[in-house]
Amino acid sequence: MNPNTIELLETFNSEIKILEISGKKINGELNLNKFAFLEELDCNFNSINTITKLPNTITRLNCSLNKLTSLENLLKECVNLKFLNFSFTISLIASLSVVI
């Protein structure tokens with residue numbers, strides 16, 4: 001994870017339930033191991049290619065307009081997921097037929 005992303009995430013309380021980080025110029029990996037109680041994540045309009053350590057408390061995930069390459073591990077971790085948006089994530093859409 002790049003230093004700017006680490007610095008940004010450090011500004012948030014680890015017990016928050018909603019994390020809104022859209023358009024924050026995050027690139028590469030987004031590691032959410034700090035947020036054990038997170039229920040909603042909105043991280044659209046960045047350049048994220050991997051989301052790791054997503055807590056199983058997540059019910060809503062908006063990761064559209066990123067560079068994600070796989071949802072397989074995310075979907076295994078997110079057993080309570082009720083809403084998922086990954087629109088306009090071209091690299092992911094190309095590989096999605098393999099997952100389905």
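Which backbone nitrogen does the side chain of Asn-31 reach? In this predicted model, local features require pLDDT of at least 70 and side-chain atom pairs count only at pLDDT 80 or more, whereas totals for chains, interfaces and linings use all residues. Residues are numbered from 1 along each chain as its sequence is written, and side-chain values use heavy atoms, with hydrogens and water left out.

The protein contains 3 helices and 6 strands, where helices (H or I, at least four residues) and strands (E, at least two) are DSSP runs numbered from the N terminus. Their order from the N terminus is α-β-β-β-β-β-α-β-α. Of the 100 residues, 37% are buried; buried means under 20% relative accessible area, exposed over 50%, and partly exposed in between (1.4 Å probe, protein chains only).

Asn-31 belongs to strand β2, which spans residues 27-31. Because its relative accessible area is 17%, Asn-31 is classed as buried. The side chain of Asn-31 reaches the backbone nitrogen of Asn-33 at 2.9 Å. Beyond its neighbours within four places in sequence, Asn-31 is in contact with Met-1, Leu-9, Thr-52 and Lys-53, contact being defined as heavy atoms within 4.5 Å.

Leu-65 is located in the loop between β5 (60-62) and α2 (72-77). Leu-65 counts as partly exposed because its relative accessibility is 36%. Together with Phe-45 and Phe-88, Leu-65 makes a nonpolar surface patch of about 360 Å². Patches are made of residues with over 30% relative accessible area and no salt bridge; like charges are joined within 9 Å, and nonpolar side chains (Val, Leu, Ile, Met, Phe, Trp, Tyr) within 5 Å. A salt bridge is a side-chain nitrogen of Lys or Arg within 4 Å of a carboxyl oxygen of Asp or Glu. Accessible areas come from the Shrake-Rupley method with a 1.4 Å probe, and for residues only the protein chains shown count as cover.

Conventions: A polar contact is a pair of N or O atoms within 3.5 Å; within protein, one must be able to donate a hydrogen and the other to accept it, and residues adjacent in sequence count only if both atoms are side-chain atoms.
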